[in-house]
Amino acid sequence: MKKVWLLGFGFFSISITWSLYNAFVPFFLEKYVHSVALISFLMTIDNYFALFLQPWIGNRSDRTTSPFGRRMPYLMIGMPFAAVLTMLIPFHTGLFTLLLFMMLMNLAMSLYRSPTVALMPDITPEEQRTKANGLINFMGGFGSILAFGVGSILYKSNPALPFIVAGLITLLCLFIVSRFIKENRDGVNVQMKLPSEAVTATKPSRISFRSQLDRTTVFLLAAIFFWFVAYQGVETLFTLYGKHHLGLSEQAASFSLTFFSLAFVLFAIPSGWLGGRFGKKKMIIIGVCGLMTIFALVGFAKDLLLLRGLLLLGGVFWACININSYPYVVATGTEESIGTRTGMYYLVSSLAAISSPPLLGLMIDIFDYSILFYVAAISMAVALVCLFLMKGSKQVTNSIHSPGA
């Protein structure tokens, strides 16, 4: 698991960069754009890139052959570009240069996000992937907490400082990951352990998205979509729910949500261990049932202490779902299709991130804020039905098929 800890630095840098980007770029935008709706749209550019680029890049990385491996070239190109563009954002000279730096930075981040995630199952045996996913999510969560804590102090000193530090951390993390992880040496399947000359001489066959869409995968992706609709909608609209429905201050509503996030980070490693011990699907079903119940109960919570207790439990159940879901998506396919299935995972989660907030916002406009958690609970119930409609998991093999087989 030492290699997984080292790979975790890749997730650590991604989390720090996105957390700082989401926290401080809106302040730059509001100098030029006065519509909150337009600022919100511009801040979701990463989801549109994830929707179209990451499935393609994930699929392409499955067929990439190079002396550095099939994922590492994307990190070696994408991370330096992302680091430089992150550092340039605070030095924009107007709206045009700000949007230009934002677009190019999002493009650079999209280049290496799917390959970085796909590298985890590449170097981890199938039976240890839930534990590994727990570890890297823990490091990612720690990066976000660090970004919000230290980033605020740096921003107060100079608005450019957190972006410069994030860029330097990204370059340092690239050095650590590329220095200590060698795909040809650390890979767990036969193809990755071949000599680099043999790997480059053997071009893997193209994996079509259609060939991956069997009944198990379709219902699993549908379940992922519906639980992300519930999660993204609640995460985006909770502070408004707390302020307008419960009468909380903006600070109290925002602070309440940290109970959910903190519980997720602290339970990331245990939920990965439980997934490896009792099975990924069982842990996901427990998480979906638990979070569905929590969302239904939050609708009745009028006491702040009770609300925060429920959110704390909700973070634990969300860890059961989120930590085990990506390894489950990979486990229901073959070793050759890891990058392709990583892209599909990001496609449905990004689709939910784009569609959920406006959909739940429309429901609130039609009814009122009390509808938020009931809709989220219903969405989790639909996800549960999708899980039960899946067929059993396919037999997982760690061997790689010969090209064209």
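Guide: Terms first: buried means under 20% relative accessible area, exposed over 50%, and partly exposed in between, with a 1.4 Å probe and protein chains only. This is a predicted model, where local features need pLDDT of at least 70, side-chain atom pairs need 80 or more, and totals for chains, interfaces and linings use all residues. Numbering runs from 1 along each chain as its sequence is written, and side-chain values use heavy atoms, without hydrogens or water.

Visitor: Why does Tyr48 count as partly exposed?

Guide: Because its relative accessibility is 31%. Tyr48 sits in helix α3. Helices here are DSSP runs (H or I, at least four residues), numbered from the N terminus.

Visitor: And His92, buried or exposed?

Guide: Buried, at 12% relative accessible area. His92 is in the loop between α4 (72–88) and α5 (95–123).

Visitor: How far is His92 from Phe28 in space?

Guide: 9.1 Å, C-alpha to C-alpha. In sequence, 64 residues separate the two.

Visitor: New topic: α12. How many residues does it have?

Guide: Helix α12 has 29, residues 250–278. Its first and last C-alpha are 40 Å apart, close to the expected 42 Å. That expected span is 1.5 Å times one less than the number of residues.

Visitor: Where is the kink in α12?

Guide: At Ala268, shortly before Pro270, and about 50°. The bend is the angle between axes fitted to the seven residues ending there and the seven starting there.

Visitor: What comes just after α12?

Guide: Gly279, with a positive phi of about 110°.

Notes
Helix = DSSP H or I, 4+ residues; strand = E, 2+ residues; numbered from the N terminus.
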